[in-house]
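Colleague: I am new to this one, so please walk me through it a piece at a time. I will ask, and you can show me how each answer comes about.

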Amino acid sequence: MIRDITIGQYYPARSILHRLDPRVKLVSTFLYLISLFIFQSISGYIIVTIFLGVVVSLSKVPLSYIMRGLKPILILLLVTICFNLFLTRTGSVLFSIGFVKITEGGLRSAVYMGIRLIYLIIGSSLMTFTTTPNELTDGIEKLFKPLQKIKVPVHEVAMIMAIALRFIPILLDETDKIMKAQIARGADLESGNLFQKAKAMIPILVPLFISAFRRATDLAMAMESRGYHGGEGRTKMKPLAYKKRDYYAYLIMLFYVVVIFVIGRYYPLRIWIF
Amino acid sequence: MSIRLENIQYVYSQGTAYEKQALRDINLQINDGEFLGIIGHTGSGKSTLIQHLNGLTKATSGNIYFNDESIYQSGYNLKNLRNKVGLVFQYPEHQLFEETVLKDVCFGPKNQGLTEEECEKRAKEALELVGIAEELYIRSPFELSGGQKRRVAIAGVLAMEPDFLVLDEPTAGLDPRGRDEILDQIFYLHQRKELAVILVSHSMEDIAKYAGRIIVMNRGKVLYDDEPGKVFSHYKELEKVGLGAPQITYVMNELKGKGLPVQTDARTVEDAAKEIIKGLKRKS
Amino acid sequence: MSIIRAEEVSYEYEQIDENGEIAGTYKAIDHVNIEVEPGQFIAILGHNGSGKSTFAKHINALLLPSEGTVWVDQKDTKNPDTFWEVRKTAGMVFQNPDNQIIGTVVEEDVGFGPENLGVPTEEIWKRVEESLRSVGMLEYRNQSPNKLSGGQKQRVAIAGVVAMEPKCIVLDEPTAMLDPNGRKEVLEAVRDLQKRKNVTVILITHFMEEVIDADKVFVMDHGQVVMEGKPKEIFSQVDTLKHYRLDVPQVTLLAWELRKNGLDIPLGILREEELVEAICRLD
């Protein structure tokens, strides 16, 4: 059950996307996320879909694997769609039973929001699928390095992120094991009201915290024994250096943003209510 | 009483890139009061197999019968099954969570719906069985030594008074003395309380010493299912799958090969010594 | 010249009671004297709580002695100026493979140590490749450590230490959490390193069968070194070993049992072939 969570995981493959500089991927993802919200038209969605399709196929990450990442946000997705569908009341009424009314505007924003949310998750998980956590944190470290001048502990934050990402799967596995062990001892994790459910989590959370602390102590010792003493004087095995392809990638991103801005805004395709 | 597995298959993460068949066509029966050893290296499917025995993991196909009743039929009381088939996981001390040793051991019985007094009575009995001294009952389980913690965790399952006790590598990470203490205690329980024990281990020596029957797992399949002496007679095949037999099995076979008239199925060092002495006398 | 020398080393833990006050002290190691020559394969045996792991942490300056001195390559571990050099000289591998791997990709983890030492990028790549090859894990360089077996993870951890090019590797129960195959893998990797790279190896363990090839064995109990000598000398004292809660390999035990029964079998038999030969010689 818990194993199904794929968000934030790296998917090893050899693709052009895997080889890009993490800074390119970070900035591009940021631009892409913004691009999702700057248009309101079918033409915009067509461009985003094509763009995303190309990027997904370039990434060599199987589509089914990417789709699994959507599972944990299914509820959030449904809630968002329902809110938009039933609570937006603009345009003519398409359908109504009693107080439930679906309007043109409601349907439109429900579909738009649903697609946006799905694309948002796919886009950002693509970044983590194609970038090792180390690269990711290196990228963040380097992008935000100027902040070090105003005493922001950029290296430390990046290191914390890297370690967190490394231990997420281990701790998920551990949660699974502890849950099974307590169920074997007759623990009931499903029935009861919210308060009872929360209480039933104690036999899982306490061992999990203890284990996390034990691992943290062990890891700190291992890092220390391997000569870790903060960011100072450290060299990099994989120093970040832009290559030609990275500049091309920036150019493509820039082009994409301009296209989507211009076409999505000024050349909307209108079909029915969309 | 018995647990019967029929054509069990189990596939992990079905339909994904990480799909893996963990169990293939498992057929076996575990009877009342027996001491069964399950052996296999990491990834052979032994841990997955035992999680099927109390319904924690559901087979992809096949059926499991507890006392001739299918545990997969709708409305089957799995909670009740878990009271009958106690499962002690690997590193069970990692599931301790209560403020005191006694409270932690009470967790299982409490979930069974017993009264406070009954829970305590059971917990105290179980703690006594695993050899935890009374003055430790009110201590925090986290203050105990590694071996003690593990025994408390085992007591937590024993207090549920199961008929079948399944232990997944109960001695992993313990030193030799800790290991012997725990295994001796489990064996004692098995004899005194007629408890059926299913011991998963990767130590051939441990299994040979205690088990009346051994199941060897390899790549999700049952490779052998027989009494220890017979299983170890396949020591060459066992080696091929990365397991091997106890050292004494090799010595005995080697000696026999060199013409010393000895039986090769000795299970303990003492037996082997006696057999060699006998063999030497026979020869001279 | 010895690479590691511990002289009268003691280490005391403070026991803290419920009120947060010091209730007493507990001597985890007690006047230990150990000397290790370069290139040797040394084993330190003892049951859980015997002080062997506490001692191991002294070699890497993770702990500093309360009394006495530890010299690593002639450097006092207490001297703050040579602190990092000591850690560079003596690398350390721990028990739990999951809790000592920092990288999310095998090669990045192996590169972590050299990065900390400030090794130039190109040199890091060379070292990473070399050390992964030396433990037979080169083909896994781009994999996630989470997908590896316990034995493979430990070999990656060893490669991570080797990449720092230490003169000495201390392994603190590296096989305690592994299955027999994993144990074999790790031991072979360690033996190989010691032989081919002439690295000094200090193996802390409670598995007796892992130490039969050691140059020298120390047995610890209650924080003290209670036995020391070549494996054969140690293994001939089955009664004493049992007293210190240690296990003796079945062959050694069988030989000892036969000897007790009046058969003329030499002391300290470590291998199956030796025993078979000895028995065959009887008739």
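Colleague: At what angle do the axes of helix 3 (residues 42-59) of chain A and helix 6 (residues 104-130) of chain A cross?
Modeller: Two packed helices are described by the angle between their axes and the distance between the axes. Helices here are DSSP runs (H or I, at least four residues), as are strands (E, at least two), numbered from the N terminus. Axes are lines fitted to C-alpha atoms, for helices over the stretch in contact, and angles run from 0 to 180 degrees between N-to-C directions. The axes of helix 3 and helix 6 of chain A come within 11 Å, and they cross at roughly 25°.

Colleague: Before we go on, what kind of model is this?
Modeller: Residues are numbered from 1 along each chain as its sequence is written, while chains are lettered from A and ligands numbered from 1 in the order in which they are written. Local features need pLDDT of at least 70, side-chain atom pairs count only at pLDDT 80 or more, and totals for chains, interfaces and linings use all residues, this being a predicted model.

Colleague: Is helix 3 of chain A roughly parallel or roughly antiparallel to helix 6 of chain A?
Modeller: Angles under 35 degrees count as roughly parallel, over 145 as roughly antiparallel, 65 to 115 as roughly perpendicular and the rest as oblique. The axes of helix 3 and helix 6 of chain A cross at roughly 25°, which means that the two helices are roughly parallel.

Colleague: How many helices does chain A have?
Modeller: Along the sequence, chain A follows the pattern α-α-α-α-α-β-β-α-α-α-α-α-α. It has two strands, and its helices number eleven.

Colleague: Which residues of chain C does A:Thr235 touch?
Modeller: A:Thr235 is in the loop between helix 10 (202-225) and helix 11 (244-266) of chain A. A residue is buried if 20 or more other C-beta atoms (placed from the backbone) lie within 10 Å of its own, exposed if 12 or fewer, and partly exposed in between; A:Thr235 is partly exposed because it has 16 C-beta neighbours inside 10 Å. Not counting residues up to four places away in sequence, A:Thr235 touches C:Glu115, C:Gly118, C:Val119, C:Pro120, C:Thr121 and C:Ile124.

Colleague: Which helix of chain C gives the most to the side of chain C that touches chain A?
Modeller: The contact takes 28 residues from chain A and 35 residues from chain C. Helix 2 (83-89), helix 3 (106-117) and helix 4 (121-134) of chain C each supply at least two residues of that side. With seven residues, the one that gives the most is helix 3 of chain C.

Colleague: And how many residues does helix 11 of chain B give to the side of chain B that touches chain C?
Modeller: Chain B puts 30 residues into this contact and chain C 29 residues. Helix 6 (176-192), helix 10 and helix 11 of chain B each supply at least two residues of the side of chain B. Helix 11 of chain B gives the most, and its residues there number eight.

Colleague: How far apart are the axes of helix 10 (residues 247-257) of chain B and helix 11 (residues 269-283) of chain B?
Modeller: The contact between them includes B:Val251 and B:Leu255 of helix 10 of chain B and B:Ala272 and B:Ile276 of helix 11 of chain B. Its residues are seven nonpolar, no polar and no charged. The two helices pack at an angle of about 10°, and their axes are apart by 10 Å.

Colleague: Is B:Lys149 buried or exposed?
Modeller: B:Lys149 lies in helix 5 (residues 146-158) of chain B. Not counting residues up to four places away in sequence, B:Lys149 touches B:Glu93, B:Leu96, B:Pro141 and B:Leu144. Because it has 21 C-beta neighbours inside 10 Å, B:Lys149 counts as buried.

Key:
Contact = placed C-beta atoms within 7 Å. Nonpolar A, V, L, I, M, F, W, Y, C, P; charged D, E, K, R; others polar.
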